[in-house]
Amino acid sequence: MSVELAEVISRAELVVTCGPGGVGKTTTAAALGIAAALSGRRVVVMTVDPARRLADALGLDIQAHANDPHQVEGVGADGGSLWALMLDAEATFDRLITERAGDPDKADKILTNRVYRSIAGSLAGAQDYMAIERLHQLNAAGQFDLIIIDTPPSRDAIDLLVAPDRLVRFLGHPIYRALTMPQRSFARVANAGTTAFLWIVRRLAGPRLVEETIEFFKSLSGMEEGLRRRAAEVAVLLRAKSTSFLIVSSPRAEAVAESTHLASAVVDGGFRLDGVVINLVHPLPRALDALDDLDGLEPGPLADQVAYHRELSQLARSERDEMEGLIRLASGVAVAELPLLEIDVHDVASLTKLAALLTGG
Amino acid sequence: MTTVPVAAVQRGTSSGLKGHHRYPHCVEPNWVTDARVVIVAGKGGVGSSTVAAALSLVAARDGADVLLISVDGRPGLGPLLGGDPLDRNDKTLQTVGVDGRVRGRTIPPQQAFADYLAMKGISSVLRKAATAASLDSIAAATPGLEHLLVLGKIKELERERVADLIVVDAPPAGHAAAFLRSASALQEVVASGPVRTQADEVAEMLADRARCQGLLVTLAEETPVNEVIELAYDVEERLGLALAPLVVNACWPRRKGLTVSTTAAAKAQGVKLSPADRAALESVAEYGRARQENQQRQLARLAELLPLPRIILPRMPTARFGPDELELLADALASSSAVVR
């Protein structure tokens, strides 16, 4: 359907897919990976939270943390191959700390801190940042022709893209500075806001948590510069000519609205929007010539088929109306429509079918 | 309002979902109003926000004063219910009959934080300083705090009985799991102090079936089914949250006629089709047959793997969901025939 999309995956070195939840983003990323592998490229697909069946199809074992690239057997042509990995935010964060801390004792102190443990595991922002970190690692290793990164669902902003900036901003925040300072100079420089912050946290969460928090921030100090540099490098990588952003949507009005916001966020952020994939589109049936006669049928098997034809047509037309705006907005970039297939897509065979539809192959 | 403790019906014993085969399912049509808070949750794209809106409407038709809270702050829920876009102010969206009413609002974490500080008697000067220090930083130091503050606010509203029923449109799963778990996660980290008290009180509300229920929404498709099963066991086992019937959204009506060829169907009804019409219907029937088989397979999996009564809601043949569709969805939700045991 879209020759341009085939061109994107044959040229780009990094493809970032973004879109609202429930539109089949990960499936699309995997199908793009298959298409690229079939065109002779060595490609890795990084997913954040794949559905179980899809993970199985990609040979990823969810239980066994597949944080390292793993080759998907039987996919690829002309020397191309498909690799997949699932982001393990916690493991990536641990690895970052271990690398940056300098000595094992210091690393250990951070890794066992309770505040760190809850941040590493659960904080949404931490996961976004770690996806970026993992991307940097993969890019630096230079093992792949193409990296496809499937971002977590988002509605009106791309959290992943602002994560490095947010972390750097947080590290530059007066509170963070105050917390990482020796106690005595702290008293001198701490402003009202910081004092209030500490007082409130102490009052709300108890003194022990405050101590551990301060301890955690202190042990991070010195790593700040490295994290800052890393964030800056990733920001450059994401804006490189060889990096393409793809929006994945579905034809539902709500998803289209969110995708429209996302598309603006991508463009406004100075990123390169190269395509829009509209997924899960119901096929539009051919109109019936004898519709008037058929509509008046008594109940029976043919009436059932006519009724289904009518509802499917109504839904498919409504979807096309919704898609129109998004397609217009995406003028100048590749647009691909993917039908909602007869079956749910969760194995290599159906992904390959989707890949062919995506690239017009 | 009639109250039949639906949770007791579903669980029957304290053994939860696992012991389901031992007790009878006899869900009453008025399960909607069994608890004072219903938290509606589901994976992105399954329509849990619209189900939350439809549920509010059903309860209002029953004469209840309902407050719909969108945690994610979806302003569009207001117009869907015939009112203004939702914001942080509690406002009436629609009145139904004599007593029924649907109100709506959002709870931004910043506001929940400020309200909480005010409630704890922290002075406005300090409050201002603290807000300037930004909730972001405080939340970073106390993970899960934002969610807890929002749940805490809901708990306060429940305690004050601001409405007969509070319907919470939870953030999409996996955020839903993080949202609901925030209290128990903080209980692990924080040993004492007001945050601990808040976490304890929220956990207590979640586990009290007379006060709070979870209503999970899914589609009859592979991935949403897998995820809702996981979410159901997770919230029930870890939080003790009683579950209302499972809502399976956007199901096509089952049409027997799709299982036969168009030629046979036309013959059975004595109709002569033009070759073009026959081809068009044949390809539609083939597609519909495969989708229908898939839907039946997923419904069967749900029946087998998740011992909750199921409410099957019809798919609306439109990509844009408006007030008319919401009324139809509420009709379907209210009809006890929708409940499949």
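Of the 341 residues in chain B, 51% are buried. The structure described here is a predicted model, with an ipTM of 0.85 and a pTM of 0.86. The secondary structure assigned to chain B consists of 13 helices and 10 strands.

Confidence was examined along chain B. The average pLDDT of the chain is 83, and 81% of its residues score at least 70. In residues 1-16 of chain B the pLDDT is below 50, although the model gives this stretch 37 contacts beyond near neighbours in sequence. A further segment of chain B, residues 18-29, also has pLDDT under 50. For residues 18-29, the model contains 17 contacts beyond four places in sequence.

Among the helices of chain B, α2 was considered in detail. Helix α2 of chain B spans residues 48-61 and comprises 14 residues. From the first C-alpha to the last, α2(B) reaches 20 Å, close to the 20 Å expected at 1.5 Å a residue. Because 13 of its 14 residues are buried, α2(B) is largely enclosed by the rest of the structure. After α2(B) comes B:G63, a residue with a positive phi, near 95 degrees.

Terms used. Residues are numbered from 1 along each chain as its sequence is written. Chains are lettered from A and ligands numbered from 1 in the order in which they are written. This is a predicted model: local features need pLDDT of at least 70, side-chain atom pairs count only at pLDDT 80 or more; totals for chains, interfaces and linings use all residues. Helices (H or I, at least four residues) and strands (E, at least two) are DSSP runs, numbered from the N terminus. The expected span of a helix is 1.5 Å times one less than its number of residues. A residue is buried if 20 or more other C-beta atoms lie within 10 Å of its own, exposed if 12 or fewer, and partly exposed in between; C-beta atoms are placed from the backbone. pLDDT is the predictor's confidence in each residue, from 0 to 100. Two residues are in contact if their C-beta atoms, placed from the backbone, lie within 7 Å.
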